[in-house]
Amino acid sequence: MGPSVTLSVFVCQFFVLVDLLNLKGINGGWLNAHATYYGANQSPATLGGACGYDNTFHAGFGVNTAAVSGALFRGGVACGACYQLMCDYRADPKWCLRRPVITVTATNFCPPNNNGGWCDPPRQHFDMSMPAFFRIARQGNEGIVPVLYRRISCKRRGGVRFTLRGQSNFNLVVISNVGGSGDIKAAWVRGSRTRSWVPLHRNWGANWQSTFDLRSQKLSFKLTLVDAQTLEFFDIVPSNWRFGQTFSSQNQFS
């Protein structure tokens, strides 16, 4: 087999692999972006913002979080997605640390200011928590560095978490600590009296809405991620649940 044929076979195999990764919602290649960081006076635990996570520790994400620009946020679909970042040392050797790579979770939206801001479309930007930012960049800089990033599968401790909010027959379910691609494409709920899966609709961020009266019922959930993985969580919530409670499952996406 000649060198040109070998090269052609390799190229074909490469693009097949890329297509498979894209189908799973994970991009295998490194892409260019920029990063800044939240103000020093802000607790990284409260940076759930536009995703609706009251506390990123409680949600299972810790301090390695970021608000992402609209090109990445996708109207809230990106909530819970994981990204691997490294500072682009070749582009900025003065302020970039040479080797560190960090994994962050998208927990907030970085809004555009429509005046050349870093989060204006079509820019891909990460506004990171301060502890996360200074794991890849030197302190003392102006707070803006070039980065390389890629989507990766989320590795979570414990199972998926469901926090119940709302009142009466208006239910909001905040879904967090999701592994796999991390970003949820579709969700359903099933009460012990309804006995059928009822679609939930994204209200905002990680908040999923139902207008059925689910009180005094055991609740089960079904989730499909952007990478097409689907899991069912049977009887996760007992019939005596109350609004404001969080329930953790034993199941987790890989």
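The search of the whole structure, a predicted model, finds 13 aromatic pairs, a pair being two rings of Phe, Tyr or Trp (its six-membered ring) with centres within 6.5 Å; planes under 30 degrees apart count as stacked, over 60 as edge-to-face and the rest as tilted. Tyr 83 and Phe 126 form an edge-to-face pair, at 5.3 Å centre to centre and with 70 degrees between the planes. Tyr 83 belongs to strand β3 (residues 82–87) and Phe 126 to strand β5 (residues 125–128), so the pair ties together parts that are 43 residues apart in sequence. Helices (H or I, at least four residues) and strands (E, at least two) are DSSP runs, numbered from the N terminus. Tyr 83 is buried, with a relative accessible area of 2%, and Phe 126 is buried at 0%; buried means under 20% relative accessible area, exposed over 50% and partly exposed in between (1.4 Å probe, protein chains only). One aromatic cluster is formed by Phe 162, Phe 221, Phe 233 and Phe 253.

Charged groups also lie over rings, a contact that requires NZ of Lys or CZ of Arg within 6 Å of the ring centre and within 35 degrees of the ring normal. Arg 151 lies over the face of Tyr 83, at 5.6 Å from the ring centre. The charged end of Arg 190 sits over the ring of Trp 197, 4.9 Å from its centre.

Salt bridges (a side-chain nitrogen of Lys or Arg within 4 Å of a carboxyl oxygen of Asp or Glu) come to a count of 4. One of them joins Asp 54 and Arg 165 at 2.8 Å, N to O. This pair links distant parts of the chain, 111 residues apart: Asp 54 is in the loop between β1 (31–37) and β2 (65–68), and Arg 165 is in strand β7 (residues 161–167). Asp 54 is exposed, at 59% relative accessibility.

Asp 183 and Arg 74 meet in a salt bridge of 3.0 Å, N to O. Asp 183 lies in the loop between β8 (170–176) and β9 (184–191) and Arg 74 in the loop between α2 (70–73) and β3, so the pair ties together parts that are 109 residues apart in sequence. Asp 183 is buried at 0% relative accessibility, whereas Arg 74 is partly exposed at 35%. Arg 74, Arg 151 and Asp 183 are linked in a network of salt bridges.

Residues are numbered from 1 along each chain as its sequence is written, and side-chain values use heavy atoms, with hydrogens and water left out. Local features need pLDDT of at least 70 and side-chain atom pairs count only at pLDDT 80 or more, while totals for chains, interfaces and linings use all residues.
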